[in-house]
Amino acid sequence: MKDAKSSHDLLTLIGSAIEQLQRGIELFETSSKREGAACLATVIQSIDAYLAHAQEDPLLQLARIDSSDLSDDLQHVKLDLAAVIHQVEDPREN
Amino acid sequence: MSEQKDLGAANRSNEWLLDRLRRASDGEQVGQTPQELRAEIVERNVGLVKSIALKFLSSGEPLDDLIQAGYIGLLNAVSNFDLARSNRFSTYASYLIQGEIRHFIRDKHSTIRIPQWVQTMNRRLKEAEEAYFQKTGRPPTLSELAAALELREDQITALLRGRESMTYVSIDQDRRSQDPNPAPPTTEHLRAKDGEDLPFDFRMRILAAIEQLTSIQRQVVAGLFYEGKSQSEIGSELGISQRQVSRMKERILDELRDTFHVDRPEN
């Protein structure tokens with residue numbers, strides 16, 4: 001059972017994000033690029049939702065994680081995913 | 001002579017302008033100099049550069065800097081576009097604009113950072129492969145590698161995928177280190193790789209994201225489990241009960257088991 005804060009802790013975010021990304025890879029490999037991109041978009045939304053409440057995450061203090069470093073790292077993840085989504089939305093025309 | 005008729009600014013397509021540019025560059029009189037035609041093409045595609053640069057705003061870099069990087073890609077596209085290949089110019093230009101912006105961001109941020117533990121594991125993998133080859137005269141199978149490293153086969157597969165993404169990064173770094181401004185890929189080159197390059201690029205980026213996330217996860221776990229504090233001490237610091245700390249750690253372990261597909265211990 002998840003408590004109210006569970007959706008805003010870092011490891012829950014990472015666990016669900018990795019699951020979504022692995023599913024995204026499977027979808028891309030089966031040519032469902034749009035669905036794969038939707039998985040990636042979900043991860044970006046989850047990261048945004050987490051970052052909006054990151055200061056309330058006890059894990060950061062517990063694990064002595066610097067929130068600005070973490071934010072930078074997650075921005076890099078978003079950047080990579082956004083680039084893939086952009087390529088899917090703007091397919092090559094030959 | 002209808003080809004040479006000026007269509008008016010609103011009706012000039014990229015391809016039409018590029019055709020004129022090629023002819024002007026060959027010495028044909030088309031009513032404009034090559035410089036004027038290049039400037040017109042760039043001006044016509046300013047919106048394309050801006051729209052692509054906007055997609056990278058989450059990098060934290062100023063929009064003007066992203067646009068400047070994008071212009072380099074646009075200028076390369078104008079110089080290298082091959083009309084005979086029948087690709088659309090905007091498709092080719094988008095590819096090069098994105099490439100230059102990504103390169104700019106990587107230079108600034110080292111976007112794709114390979115976590116130290118991934119590098120260590122890959123080194124162990126390589127050593128195990130070499131040792132096996134020296135001993136038997138043939139490369140090891142997946143199960144033999146797994147046995148040598150005391151890992152499961154799916155974990156070895158994950159490591160090999162990680163190595164694939166590292167290889168991709170090093171290729172790009174080698175290319176850029178040999179020449180800071182390497183020649184952009186031609187349209188012919190892109191066509192030749194089409195169909196296999198794009199999915200690989202997707203996979204590389206998603207794997208980089210996963211590696212980044214697992215790296216963060218390891219930082220959290222290291223902070224949680226290797227500081228030598230008791231659950232009560234941690235609870236006191238955070239203003240929560242020892243029981244809450246215990247539950248939190250249990251959930252973290254569950255997440256880790258799910259992520260790495262490790263079986264839960266039986267109670």
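Start with chain A as a whole: among its contacts with a separation of 6 or more, 62% join residues 24 or more positions apart. The model is a predicted one. Keep chain A selected. Its 94 residues are 48% buried. The order from the N terminus is α-α-α-α.

Next, select residues 33-52 and 67-89 of chain A. These are helices α2 and α4, packed at an angle of about 155° with axes 9 Å apart. Angles over 145 degrees count as roughly antiparallel, and α2(A) and α4(A) are therefore roughly antiparallel to each other. Their crossing is left-handed.

Now show the side chains of this contact. From α2(A), pick residues including A:Ala37, A:Leu40, A:Ala41, A:Ile44, A:Ile47 and A:Leu51. From α4(A), pick residues including A:Leu70, A:Leu74, A:Leu81, A:Ile85 and A:Val88. Charged residues take part too, among them A:Lys33, A:Arg34 and A:Asp48 on α2(A) and A:Lys78 and A:Glu89 on α4(A). What is the make-up of the contact between α2(A) and α4(A)? It has 16 nonpolar, 2 polar and 5 charged residues.

Move to chain B and select residues 142-149, helix α7. Look down the axis. B:Leu145, B:Ala146 and B:Leu149 are buried. They span an arc of only 100° around the axis, so they lie on the same side of α7(B). An α-helix has 3.6 residues a turn, so residues three or four places apart point the same way. Turn to the other side of α7(B): B:Ala147 and B:Ala148 are exposed there.

Check its backbone, where phi is positive, at about 55°.

Technical notes: Residues are numbered from 1 along each chain as its sequence is written. Chains are lettered from A and ligands numbered from 1 in the order in which they are written. This is a predicted model: local features need pLDDT of at least 70, side-chain atom pairs count only at pLDDT 80 or more; totals for chains, interfaces and linings use all residues. Side-chain values use heavy atoms; hydrogens and water are left out. Axes are lines fitted to C-alpha atoms, for helices over the stretch in contact, and angles run from 0 to 180 degrees between N-to-C directions. Helices (H or I, at least four residues) and strands (E, at least two) are DSSP runs, numbered from the N terminus. Angles under 35 degrees count as roughly parallel, over 145 as roughly antiparallel, 65 to 115 as roughly perpendicular and the rest as oblique. A crossing is left-handed if the near helix is turned anticlockwise from the far one by less than a right angle, and right-handed if clockwise. Contact means heavy atoms within 4.5 Å. Buried means under 20% relative accessible area, exposed over 50%, partly exposed in between (1.4 Å probe, protein chains only). The arc is that of the directions from the helix axis to the C-beta atoms.
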